[in-house]
Amino acid sequence: MAKNVSDQLVEMLVDAGVKRVYAITGDSLNPVNDAIRRDGRISWIHVRHEESAAYAASMDAELHGIGCCMGSSGPGHVHLVNGLYDANRAGNPVIAIASTCATTKFATDYFQETNPFYLFKDCSKFVYVANTPKQFTTIMQRAIQTAVTEKGVSVVGLPGDVAAAASETIITSRKNYRTQAIYRPCDSELEELAALLNENNNITLYCGYGCKDAVAEVETLAERLQAPIAFSFRGKIFFDRTDSPFAVGMNGLLGHKSGFDACSKADVLVLLGTDFPYAEFLPRKNTIVQIDIQPDRIGRRAQVDYGYAGDIRDTVTALLPLVKTHSDDSFLKETRERYARIEKQFDKLAHEESKPMQISPEYVARTIDKFTDDDAVYTVDTGMTAVWAARFIKAGKNRYLTGSFNHGSMANALPMAIGAAASCPDRQVIAMCGDGGLSMLMGDLAVIMQYQYPVKIFVFNNRSLGMVKVEMEVAGYVDWQTDMVNPPFDKIAELMNIKGIEVKRSEDVESSIREALAHKGPVLVNIYTDSNALAMPPHITLDQMQGFTASILKKIGLGKFGEVKDVIDSGMEHLGEVF
């Protein structure tokens, strides 16, 4: 049987390192489905929604360097978009195959016709439609090369008639190239940076995801400079170890006051591999250095004084011989002591005592951290669940934590957990889901059921859109349409052949979490948490305090006295986080 374009697609995906495809088959995608079946080297993961396919592929790429998802004609394309936005903003190399109607039907408003170029242009590094077999081969090579080298999404539009057509040879390359160049500032720039660091004492290293392969080098630099290490959400899982002598917590909306102070009080703040988006939490009068593998990012978040392009490991490795050992550790001690005090306050918040159906979410997160494996993979929903993960999930020997940290979409934790479980069968996968997030893509519990992925799903069921509720209160609004009436998630899990556990009392939290982690198959733990638990940012403004007060007064005016009392009772103990 002669090879067709779909056979060639499979060969090129295999050569690129793709081992799994997350997709829903149908229509114009059927020739590709058939080619994957006949070849046998790529696993087809049958998701229930193409958005989940994109998130799962993104997670696969984040853990293993490349991922692949597919969606067919029209609605399948549109469903992919949100997950591809997330993958592209996270810098994950994902190949998305958007199969579409036959070329003869283009521009006729044909059934389910879309224009992939316009649809995917804003959520990808590369997008083109292959109109002929020869064009397909060239486009596919370019798509893979771009996704891998530029770290993002490449979309290939594949008409059904092209997918089924005989493949043709081309004169340019079919293979892809994974280059591994040394990338660092030039010698004069390194000498300039070393002189700055050698001349100053109060130095803070603020570390992001770009440091993930340079943890040892960065900590060696911190030791030499006697510098505290603060970190972004994406960077925390690499540095936030309980035995670290340098960690001082996160900065940002979900962070610690100690992390904020370490950045704001430093004479020199060094941004390492971070594109931290919240300029309000970065200082304006300090000397700021930024090192990033993408030089176009330099200066877009802060008033940077010194900007350098380079891979963090390559750069720090070359910098270390030029940096003198500092003897003054007073700034490091001061910031570490503040961090220790903040951690004690968080420990107090993570208390076991609570009313039924109002379990401390901090206690739940702390308990999950305590009993999960040292190399567990955590996926975290956007919202209040992300707050508890940010503050209570610590780094281990090889732990990994991720979420929709750049795109900020709901419902990411479950599909990301599917990608992690499919690609890492030897690691414990923990999905920390909000009730709102789980509800949005709950149908993909069926994927967990079908493949019996041993994912441990912990639902922080606070019966509300918790983060939105806080946002409205801080802005001075009465929170309205944020409450949720949820189904019994644990019972739904049981119907799907997933072990379900319901937790309504805090005294059952530890035993339930240990039971879930000990179970060999998938588990969903439905935990009824405190809907009024607050998460104070490390720095609050007068406007925010006035807005929160105005919201409380409006509720009193509406006669919501019981709700006001619950908010005050639950929230007062959190005020210590910022004072």
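Select Ala411, which counts as buried because its relative accessibility is 1%, where buried means under 20% relative accessible area, exposed over 50% and partly exposed in between, computed with a 1.4 Å probe on protein chains only. Ala411 sits in the loop between strand S14 (400–403) and helix H16 (413–423), and helices (H or I, at least four residues) and strands (E, at least two) are DSSP runs numbered from the N terminus. The phi of Ala411 is near 70°, a positive value in a residue other than glycine.

Before going further, note that this is a predicted model, in which local features need pLDDT of at least 70 and side-chain atom pairs count only at pLDDT 80 or more, while totals for chains, interfaces and linings use all residues. Residues are numbered from 1 along each chain as its sequence is written, and side-chain values use heavy atoms, with hydrogens and water left out.

For another positive phi, go to Gln226, which is not a glycine and has a phi of about 55°. Gln226 lies in the loop between helix H9 (215–225) and strand S8 (229–231), and with a relative accessibility of 17% Gln226 counts as buried.

Now select the strands of the sheet that includes S14. Six strands form this open sheet in the order S14-S13-S15-S16-S18-S17, with parallel pairing; two strands pair if DSSP finds at least two bridges between them. S14 and strand S17 (499–503) stand at the edges with a single partner strand each, so one side of each is left without a neighbour in the sheet. From one strand to the next the twist averages 15°, with axes taken as lines fitted to C-alpha atoms (for helices over the stretch in contact) and angles running from 0 to 180 degrees between N-to-C directions.

Stay with S14 and display its side chains. Tyr400 and Thr402 point one way from S14, Leu401 and Gly403 point the other way, and all are buried. S14 runs parallel to S13, to which four bridges join it, and Thr402 in S14 is the bridge partner of Thr379. Further into the order, strand S15 (residues 429–434) and strand S16 (residues 456–461) run parallel and are joined by five bridges, with Met432 standing opposite Phe458 in S16.

Which strands does helix H14 touch? Helix H14 (residues 361–371) packs on the sheet and touches strand S13 (377–380), S15, S16 and strand S18 (523–528), with a direction that makes about 165° with that of S16; contact here means heavy atoms within 4.5 Å.

Select H16 next, which lies across S13, S14, S15 and S16 and runs at about 170° to S15. Of the 11 residues of H16, 11 are buried, so H16 is largely enclosed by the rest of the structure; among them are Leu414, Met416 and Ile418.

Thr385, in helix H15 (residues 384–392), is the next selection. Thr385 is buried, with a relative accessible area of 4%, and, leaving aside neighbours within four places in sequence, Thr385 is in contact with Val380, Met432, Cys433, Gly434 and Phe460.

A search of the whole structure finds zero disulfides, a disulfide being a pair of cysteine sulfur atoms within 2.5 Å. Cys101 is likewise in no disulfide, the nearest cysteine sulfur being that of Cys123, 19 Å away, and Cys101 is buried with a relative accessible area of 6%.

The last stops concern rings. The whole structure contains 12 aromatic pairs, where rings of Phe, Tyr and Trp (its six-membered ring) pair if their centres lie within 6.5 Å, and planes under 30 degrees apart count as stacked, over 60 as edge-to-face and the rest as tilted. Phe117 and Tyr118 are edge-to-face, because their ring centres are 5.7 Å apart and their planes are at 80°; Phe117 is partly exposed at 29%, whereas Tyr118 is exposed at 65%. Then select Tyr206, Phe260, Phe276, Tyr278 and Phe281, which form one aromatic cluster.

Finally, show Arg234, which lies over the face of Tyr209 at 3.8 Å from the ring centre, and Lys504, which lies over the face of Tyr528 at 5.8 Å from the ring centre. A charge sits over a ring if NZ of Lys or CZ of Arg is within 6 Å of the ring centre and within 35 degrees of the ring normal.
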